[in-house]
Amino acid sequence: MAAPVLAVLLVVVTGLGATALQSLGLMPLTGAPRLSFAAYADEHGELLTATGLSLLIAAGSTALAAAVGLASAVAAMSSPRARRMLTGLVAATVPVPHLVGAASVGLLLADGGLLSRWLGASPETWPSLVAGRWPTAVVLEYAWKESAFIALVVTATLATRLADYHETAALLGAGPWARLRHVTLPLAAPALGFASAITFVYTLGSYEVAWLLGPAYPEPLPVMAYRLFTSTDLAARPEAMALAMTTTALAGAAALAALALVRRTAPWR
Amino acid sequence: MTRTRRALGALLLILLLAWFLTPLLPLVLWAGAESWPGTSRLPQRWGLGNVTSVFASQGGAAVLRSLTLGTAVAALATPAGAVAARALALREVRWPRLAAGLLFAPVALPVFAMVMGLNVVLLRLHVPGFLGIVLVLVVAALPYTTFLMRAAYAAYDVAFEDEARTLGASPGAVRWRVRLPLLAPALVGAAFLAFLVGWSDYIVTLLLGGGRYVTLPILVASAASGTGNEPTVAALSLVAIAAPAVLLIVAGLLSRRLTPKRRRTAERTGPALSSPLLVEGAA
């Protein structure tokens with residue numbers, strides 16, 4: 001037990017600690033340490049823009065993924081054949097790396113991509129889904145991969161409990177819509193909330209999809225943080241760290257809020 | 001009434017089929033395209049040239065590096081997760097909530113933020129890049145392996161161990177001949193998830209490897225960020241999907257074999273891999 005906890009402590013606490021110190025100028029690459037909040041001052045409003053975009057991407061992806069994931073889980077309950085088919089689809093999607101998903105979605109949605117070829121659209125009329133003003137392709141990629149994850153979690157929960165309740169509800173005269181509303185959805189809600197929370201914090205802190213499919217400006221928090229981190233201007237380091245700390249604070253707050261909401265549904269307490 | 005409902009159900013299934021499969025379609029088409037001018041809807045000439053050329057160039061070495069990374073992460077994160085899960089399950093931890101919270105923190109908090117700070121620390125301590133990458137990815141995989149093993153321990157009866165001990169089994173015999181066989185299916189699932197974390201990682205390798213440790217995802221990213229490389233991107237991506245897919249099938253077969261027959265027919269549960277957290281690591 002000691003070894004795993006130590007490893008986590010080393011990476012999480014040391015890592016975030018060093019990030020925090022560097023964001024405050026207390027661990028400079030050169031020169032003497034001096035406490036400064038300049039990196040958080042956000043004079044040009046870039047930190048705020050990046051935060052807004054990150055939250056938009058995370059919320060949009062999570063909402064879409066939750067809707068499709070829930071629909072998939074409900075559809076899987078309709079018949080054994082539907083369940084086999086959807087289980088196979090989900091199992092095929094879940095192990096695909098996000099980076100590969102992003103590369104493929106790029107090949108699908110870019111101008112000159114598969115969809116524009118099939119629809120016979122010219123590059124001028126094709127909407128800029130990839131690297132356009134709105135993070136459409138980014139949200140679609142996240143929603144695609146994460147909907148499979150959510151479907152997996154919700155199907156697993158429903159599968160163990162749904163049949164008995166449904167039978168009882170049907171015997172008591174409940175129609176299909178009443179069963180969906182009063183039996184299936186309440187049973188699915190805790191697992192749906194849990195999986196959605198994981199999706200939200202993951203998409204908030206993930207780098208490669210937004211980097212590959214998003215525009216050069218505006219950038220979400222992780223993309224901007226990485227650009228400043230690798231900038232030749234060493235003075236940009238504290239700003240990169242401040243962006244990383246902002247992401248951490250948002251993810252931590254979201255995780256705590258979700259934990260409070262779905263506390264009772266955790267597999268153990 | 002029932003007919004409209006059935007039609008609606010079928011429509012939903014078709015839509016879901018399209019939703020899950022369409023994003024992977026370009027990979028198959030582009031990887032097999034020897035020639036595909038922008039004006040035609042399908043490739044004009046098909047062939048395996050794109051995929052074979054992945055291994056002819058630096059792709060072979062990158063695949064090997066990714067396999068090494070995935071295997072190293074699985075080899076460390078699986079037993080570590082099992083140990084942590086056992087301690088949590090048998091309530092051998094002083095502060096169980098704190099320990100569980102810590103072990104799950106890597107899922108809740110962004111890994112890139114930890115790695116940015118850790119980078120300088122590891123450099124000052126002269127930790128080799130590869131070791132740093134493995135350490136971070138093991139920590140990133142721990143929540144998944146711990147969760148899976150914790151779920152397995154919930155269905156595990158420690159009384160078997162006591163019984164074996166009463167019958168005179170040594171601690172080693174209890175571990176290898178009682179505990180391991182009973183937990184084997186879950187261990188296979190946990191190892192697969194941990195492998196995925198190492199196999200799919202991009203940002204940790206990029207930040208700590210400093211461009212010197214070229215794995216398959218690094219190649220995919222550099223090809224995908226350029227223009228006009230569609231066949232290369234697709235071929236590299238297909239290879240990146242193929243290895244986990246093969247492992248998934250092997251793991252499925254293995255955990256089925258490892259599950260005692262009696263339990264299999266009695267419970268009719270799926271293989272260990274159908275567990276909820278099969279995932280993100282994929283994250």
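**Before starting**

This is a predicted model, in which local features need pLDDT of at least 70 and side-chain atom pairs count only at pLDDT 80 or more, while totals for chains, interfaces and linings use all residues. Residues are numbered from 1 along each chain as its sequence is written, and chains are lettered from A and ligands numbered from 1 in the order in which they are written.

**Stop 1: chain B as a whole**

Select chain B, whose C-alpha trace spans about 75 × 70 × 35 Å along its principal axes. Its secondary structure comes to 13 helices and 2 strands; helices (H or I, at least four residues) and strands (E, at least two) are DSSP runs, numbered from the N terminus. Of its 283 residues, 48% count as buried. A residue is buried if 20 or more other C-beta atoms lie within 10 Å of its own, exposed if 12 or fewer, and partly exposed in between, with C-beta atoms placed from the backbone.

**Stop 2**

Select helix 6 of chain B, residues 111–124. Its 14 residues should span 20 Å at 1.5 Å a residue, and this agrees with its end C-alpha atoms, which are 20 Å apart; the expected span is 1.5 Å times one less than the number of residues. A kink of about 35° is centred on B:L118, where the bend is the angle between axes fitted to the seven residues ending there and the seven starting there. B:L118 is also one of the buried residues of this helix, which include B:F112 and B:L122. Just after the helix, B:H126 takes a positive phi of about 60°.

Next, select helix 9 of chain B, residues 171–200. How far apart are its end C-alpha atoms? They are only 37 Å apart, short of the 44 Å that a straight helix of 30 residues would reach. The helix bends by about 60° at B:A184, and the proline B:P185 follows within four residues.

**Stop 3: two helix pairs**

Two packed helices are described by the angle between their axes and the distance between the axes. Axes are lines fitted to C-alpha atoms, for helices over the stretch in contact, and angles run from 0 to 180 degrees between N-to-C directions.

Select residues 221–229 (helix 10) and 237–262 (helix 11) of chain A; their axes come within 8 Å and cross at roughly 160°. These two helices are therefore roughly antiparallel. Angles under 35 degrees count as roughly parallel, over 145 as roughly antiparallel, 65 to 115 as roughly perpendicular and the rest as oblique.

Now select helix 3 of chain A (residues 46–76) with helix 1 of chain B (residues 2–21), which pack at about 130° with axes 10 Å apart. Helix 3 of chain A and helix 1 of chain B are therefore oblique to each other. Among the residues in contact are A:V68 and A:A71 of the former and B:L12 and B:W19 of the latter; contact requires C-beta atoms, placed from the backbone, within 7 Å.

**Stop 4: loop residues**

Select A:Y217 and A:P218, which a cis peptide bond joins, with omega about -5°. A:P218 is in the loop between helix 9 (208–213) and helix 10 of chain A.

Select A:A131, in the loop between helix 6 (114–118) and helix 7 (136–171) of chain A. A:A131 is not a glycine, yet has a positive phi of about 60°. With 17 C-beta neighbours inside 10 Å, A:A131 counts as partly exposed.

Finally, select B:R91, in the loop between helix 4 (59–89) and helix 5 (96–108) of chain B. Its phi is near 55°, a positive value. Is B:R91 buried or exposed? B:R91 is exposed, with 7 other C-beta atoms within 10 Å.

How values were computed: Two residues are in contact if their C-beta atoms, placed from the backbone, lie within 7 Å.
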